[in-house]
Amino acid sequence: IAHIEQGKSTLADRMLQVTGVLSARDARAQYLDRMDIERERGITIKAQNVRLPWTAKNADGVETEHVLHLIDTPGHVDFTYEVSRALEACEGAILLVDAAQGIEAQTLANLYLAMEKDLHIIPVLNKIDLPAADPERYAAEIAHITGCEPEDVLRCSAKTGEGVEAVLDAVIAQVPAPVGDADAPARAMIFDSVYDTYRGVVTYIRVVDGKLSPREKIKMMSTGAEHELLEIGIVSPEPKPSVGLGVGEVGYLITGVKDVRQSKVGDTVTSKRRGADTPLTGYREPKPMVYSGLYPIDGSQYPELREALDKLQLNDAALTYEPETSAALGFGFRCG
């Protein structure tokens with residue numbers, strides 16, 4: 001988490017390379033920013049999750065293998081809801097600060113979001129390779145707001161790769177492992193979903209209790225809808241089918257459903273047989289602050305507009321819309 005332009009996506013790129021998930025041949029800058037508009041403007045809009053293997057060494061030099069789930073979040077204030085949903089799926093957060101600019105507005109806003117959710121914060125100074133960098137001064141600033149010691153603030157350069165391995169080791173050492181009951185009925189939280197023209201709705205989940213396996217029947221707890229799990233898998237950094245997801249794992253599931261309203265962000269997924277009784281606490285609904293009226297120029301295109309808004313809402317859970325009519329413009333939608 002960080003302010004705009006502090007190097008979050010570049011650090012994510014380095015982590016993908018250091019952990020060996022992304023080969024040098026496939027690498028490109030801001031690898032996780034997939035949308036055309038993200039690539040065109042060089043910013044992150046959607047939070048992206050990826051699974052990383054990492055072998056950490058402790059103080060005695062003993063190596064242990066771990067699996068990390070990284071979510072790269074946007075920095076702009078307009079996408080704060082995206083950040084808050086991503087934080088619900090985590091145990092810890094890396095607070096990234098530019099060593100040449102120091103703490104900025106969204107640094108604080110995102111830090112408070114993470115603290116509200118009781119996440120373990122790892123402060124990191126980025127861009128220490130810049131001539132204007134002043135790591136000592138800003139380490140003291142960060143220590144002041146996070147309550148740690150200036151020596152505890154890690155230093156790295158996402159551009160050159162210096163210090164990135166130390167950041168991964170710190171994540172293993174400091175962030176607690178996910179807690180959940182492996183033998184309980186399955187419960188998984190939907191934290192994002194996208195619409196794929198060929199495969200229908202792709203739902204991103206984080207498993208809290210139990211286990212989900214391919215081909216089993218699942219149930220959405222808010223709507224009671226039941227589906228068969230056609231495919232379940234992990235994102236590393238491309239989607240890969242797997243034999244199922246266990247406690248604390250983050251991945252995607254595909255049911256082949258084309259109706260976008262079936263997969264609501266914040267809903268709980270459980271098994272149809274031996275299902276859970278109580279859903280997980282979801283997300284608080286976002287309050288729209290800005291409204292606009294959308295009307296088709298040709299009235300006969302109204303159903304197409306509604307379908308397009310449905311798909312957009314699936315991708316951006318902060319969007320709300322309701323039908324409205326106007327004497328001059330005919331049928332349309334009031335979007336918030």
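# Briefing: sheets, buried sites and backbone exceptions

Pro 237 sits in the loop between β10 (231–235) and β11. A cis peptide bond links Ser 236 to Pro 237, with omega about -25°. Helices (H or I, at least four residues) and strands (E, at least two) are DSSP runs, numbered from the N terminus. This is a predicted model: local features need pLDDT of at least 70, side-chain atom pairs count only at pLDDT 80 or more, and totals for chains, interfaces and linings use all residues. Residues are numbered from 1 along each chain as its sequence is written, and side-chain values use heavy atoms, with hydrogens and water left out.

- Strands of a sheet pair through backbone hydrogen bonds, either parallel or antiparallel.
- Here, two strands pair if DSSP finds at least two bridges between them.
- An open sheet of 8 strands runs in the order β9-β8-β13-β6-β7-β12-β10-β11, with antiparallel pairing.
- Its edge strands are β9 (226–228) and β11 (239–241), each of which pairs on one side only.
- On average, neighbouring strands of this sheet are turned by 40° against each other, direction ignored.
- For these angles, axes are lines fitted to C-alpha atoms, for helices over the stretch in contact; angles run from 0 to 180 degrees between N-to-C directions.
- Strand β8 (residues 217–220) is joined to β9 by 3 bridges, and the two run antiparallel.
- Opposite Lys 217 stands Glu 228 in β9.

**The sheet of 3 strands**

- A second topic is the open sheet with the order β14-β16-β15, whose 3 strands pair in the antiparallel sense.
- β14 (292–294) and β15 are the edge strands, each pairing on one side only.
- Neighbouring strands of this sheet are turned by 35° against each other on average, direction ignored.
- Strands β15 (residues 321–326) and β16 (residues 330–335) run antiparallel and are joined by 6 bridges.
- These two strands, β15 and β16, form a hairpin with 3 residues between them.
- β14 and β16 pair over 3 bridges, also antiparallel.
- Cys 335 in β16 stands opposite Tyr 321, and Cys 335 is also the bridge partner of Ser 292.

**Helix α7 across both sheets**

- Contact means heavy atoms within 4.5 Å.
- Helix α7 (residues 302–315) lies across β6 (187–196) and β7 (200–209), running at about 135° to β6.
- α7 also lies across β14, β15 and β16, at about 10° to β16.

**Buried sites**

- Buried means under 20% relative accessible area, exposed over 50%, and partly exposed in between (1.4 Å probe, protein chains only).
- Leu 52 lies in strand β1 (residues 48–57).
- Leu 52 counts as buried because its relative accessibility is 1%.
- Beyond its neighbours within four places in sequence, Leu 52 is in contact with Met 15, Leu 16, Thr 19, Val 21, His 66, Val 67, Leu 68 and Leu 70.
- Leu 52 and Met 189 are 137 residues apart in sequence and 20 Å apart in space, C-alpha to C-alpha.
- Thr 255 is in the loop between β12 (250–254) and β13 (268–271).
- Thr 255 has 15% relative accessibility, so Thr 255 counts as buried.
- Leaving aside neighbours within four places in sequence, the contacts of Thr 255 are Val 201, Ile 218, His 227, Glu 228, Leu 229 and Leu 230.

**A buried charge: Asp 72**

- Asp 72 belongs to strand β2 (residues 63–72).
- Asp 72 is buried yet has no salt bridge (a side-chain nitrogen of Lys or Arg within 4 Å of a carboxyl oxygen of Asp or Glu).
- The nearest side chain of opposite charge to Asp 72 is Lys 8, 6.2 Å away.
- Lys and Arg count as positive, Asp and Glu as negative; His and the chain ends are not counted.
- The side chains of Asp 72 and Ser 9 are joined by a polar contact of 2.9 Å.
- A polar contact is a pair of N or O atoms within 3.5 Å; within protein, one must be able to donate a hydrogen and the other to accept it, and residues adjacent in sequence count only if both atoms are side-chain atoms.
- Not counting residues up to four places away in sequence, Asp 72 touches residues including Lys 8, Ser 9, Ala 12 and Leu 32.

**Positive phi**

- Most residues other than glycine have a negative phi, and most peptide bonds are trans.
- Glu 5, in the segment before α1 (8–18), has a positive phi near 60°.
- With a relative accessible area of 54%, Glu 5 is exposed.
- Asp 118, in the loop between α4 (105–116) and β4 (120–126), has a positive phi of about 60°.
- Asp 118 is exposed, its relative accessible area being 68%.
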